[in-house]
Amino acid sequence: MSMSRQSSETAKGRDVFHLPPSDPKLISKIPRILPHERVFPIQIGTELFKLSGASLSSDAPSYFSQYFQCQIKKAEEAGEDVSTAIRTLYIDRDPITFRDISLHLQGYHVSPRDGTHFVRLFADAQFYTLPKLMSQLYEESIFISIGHREFQIPRDIFTGPGNSPNFFSLGFGVFFSSHDEIFPGLDRESLIRPPSIMPPSVPNRSADIFYELLHLLRGYPVRIRDEEHRASLLRDCRYFNFKGLEQKLIPHHINYNLARRRYEITLRLEDILKSGISIATDAMTPTPTGGEAISGWVNYMRPYEDDKHHELILEIGGENTKLNLHLMRAEFFGQVKVRVARLFEVIATKLNLPPTTQPLGLLMASGGASSQPATPGNTPLSEDLVRVVIEPETHIMLDGKTYTNYTESEEGAMAMSSTSSVGHGGGQDSPLSSIGGYFGPSRKRRRIDLSSHTSDEWIVRTGQWRLRIQGSRNGKSAIECVLVAVKLDAYSTEQAKNAQRGFLKG
């Protein structure tokens with residue numbers, strides 16, 4: 001009784017896992033390009049292979065199917081016996097590689113084992129014009145040797161925003177081209193044998209750094225150990241032209257400023273790209289005089305990485321900034337001066353202003369705009385010495401100590417930091433919308449007092465600045481770009497600089 005019940009349960013179990021009858025429509029049929037039952041001899045190098053017509057027809061039309069089709073056609077036209085008329089096809093290629101190709105023709109899945117195996121399969125599949133094997137290899141992971149270490153990489157890992165074209169798709173285009181092209185750039189008809197192809201190899205880069213870049217490209221985080229580690233990652237990002245990944249790795253900080261009610265992004269000057277710059281205008285109450293006031297802020301969005309713009313806080317380091325406290329202007333030196341000038345040119349273009357104020361005739365006579373010295377004074381937004389504003393909210397470290405010299409003053413309806421820089425555009429049309437700067441009735445406001453300081457100049461080690469676009473009363477154009485200090489680390493005497501020096505170690 002129990003035995004019959006157990007057998008019935010087993011039978012039920014078999015019924016549950018029993019495969020349904022095969023549907024002929026679901027079966028991939030092999031086309032009858034060659035007679036399926038006939039065997040065709042192919043000698044590759046020193047080894048003879050005998051493959052059925054079904055195997056050769058499974059990946060056709062190919063070099064093999066066309067050769068034997070011609071043999072059969074000639075035999076039928078001459079009235080000869082096909083069995084005796086078919087001759088052995090001899091090809092002077094590697095028989096070891098062809099063993100895997102014969103397995104593919106017999107219906108087995110063949111995967112490349114390493115870089116050498118991949119390029120040999122790749123070259124012979126194209127030489128024999130095997131469409132299915134070529135399509136499979138174009139979807140397989142590729143093998144790349146970086147720093148004498150081999151990596152197996154999915155093809156789609158380099159297709160993210162900003163990461164293509166890159167070093168591999170350009171330098172090893174034969175592996176990334178369309179599978180419709182057979183040896184791009186070569187004439188297939190006159191090709192006696194495939195060209196020699198080496199596995200992609202970059203021996204002069206670090207395998208460890210490339211492994212971490214792959215980890216990032218796969219979407220996993222990588223802990224940045226120190227600035228030297230970050231510099232190594234960025235250096236190889238630029239070498240391999242991973243622009244999207246580079247934007248993810250550059251030093252930056254994004255936060256929401258509750259006091260200003262807007263998102264901010266802090267970036268170094270050397271990491272700014274012109275495609276990320278935009279201008280955001282402030283919608284404020286019109287001025288009591290009825291004139292047009294200009295107010296806006298430079299915003300930034302990292303290309304390929306951010307989905308919205310943030311107010312830019314620009315970090316300038318390297319002790320390349322000198323502040324004149326009497327004029328409230330900044331002078332830049334070296335590459336920083338060039339980069340600031342280029343940045344102002346981009347901002348001017350965003351405001352529909354000409355990037356340079358030099359006369360066209362002078363530019364043409366001197367070799368064009370590119371031959372002019374890069375200085376903020378050649379842009380419509382500034383003089384050579386850039387106007388700056390130090391607000392009460394600015395945090396200042398001066399000579400190694402926090403600067404705390406503040407006073408309170410009465411502030412009128414139009415009082416702003418550095419009022420001499422605010423005007424109504426001198427009657428010119430502004431590229432920005434009409435927006436004002438009315439701050440309400442008079443009130444007490446804390447101001448920073450710089451008059452009591454003995455030195456008229458500060459050297460800024462590192463400074464963080466917002467970039468404000470505002471009206472200019474006596475400037476070269478209706479508007480100007482002003483650097484509003486957020487945080488400064490500066491010194492006023494040589495002694496303060498020397499105090500920060502360290503002795504050499506080792």
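## Starting at L89

Helices here (H or I, at least four residues) and strands (E, at least two) are DSSP runs, numbered from the N terminus. This is a predicted model, where local features need pLDDT of at least 70 and side-chain atom pairs count only at pLDDT 80 or more, while totals for chains, interfaces and linings use all residues. Residues are numbered from 1 along each chain as its sequence is written, and side-chain values use heavy atoms, with hydrogens and water left out.

Is L89 buried or exposed? With a relative accessibility of 3%, L89 counts as buried; buried means under 20% relative accessible area, exposed over 50%, and partly exposed in between (1.4 Å probe, protein chains only). Leaving aside residues up to four places away in sequence, L89 touches P41, I42, Q43, Y63, F64, Y67 and F68, where contact means heavy atoms within 4.5 Å. L89 and L48 sit 41 residues apart in sequence, and their C-alpha atoms are 9.5 Å apart in space.

## The sheet around β3

Strand β3 belongs to an open sheet of three strands, in the order β2-β1-β3, with mixed pairing. Two strands pair if DSSP finds at least two bridges between them. At the edges stand β2 (47-52) and β3 (89-91), each with a single partner strand, so one side of each has no neighbour in the sheet. From one strand to the next, the twist averages 25 degrees.

Strand β1 (residues 39-44) and β3 run parallel and are joined by three bridges. I44 has I91 as its bridge partner in β3. Helix α3 (residues 63-78) packs on this sheet, touching β1 and β3, and its direction makes about 145 degrees with that of β3. Axes are lines fitted to C-alpha atoms, for helices over the stretch in contact, and angles run from 0 to 180 degrees between N-to-C directions.

Strand β4 (residues 142-146) runs parallel to β6, with two bridges joining them; I146 is partnered with V202 in β6.

On the α10 side, I209, F210, E212 and L213 meet H229, S232, L233, D236, C237 and F240 in α11. By class, this contact has six nonpolar, two polar and two charged residues. In that count, Ala, Val, Leu, Ile, Met, Phe, Trp, Tyr, Cys and Pro are nonpolar, Asp, Glu, Lys and Arg are charged, and the others, Gly among them, are polar.

## Strand β19 and its partners

Now for strand β19 (residues 479-491). Eleven of its 13 residues are buried, so β19 is largely enclosed by the rest of the structure. Strand β14 (residues 386-398) pairs with β19 in the parallel sense over seven bridges, and V388 has L483 as its bridge partner in β19. Strand β18 (residues 457-471) and β19 run antiparallel, joined by twelve bridges.

## A loop residue and the cysteines

D271 lies in the loop between β8 (262-268) and β9 (277-281). Its relative accessible area is 10%, so D271 is buried. Apart from residues up to four places away in sequence, D271 touches R238, I250, P251 and Y300.

How many disulfides does a search of the whole structure find? The search finds zero, a disulfide being a pair of cysteine sulfur atoms within 2.5 Å. C481 is buried, with a relative accessible area of 1%, while C70 counts as partly exposed at 47% relative accessibility.

## The whole chain

Stepping back, the protein chain has 15 helices and 19 strands. Of its 506 residues, 45% count as buried. Among contacts between residues at least 6 apart in sequence, 69% join residues at least 24 apart.
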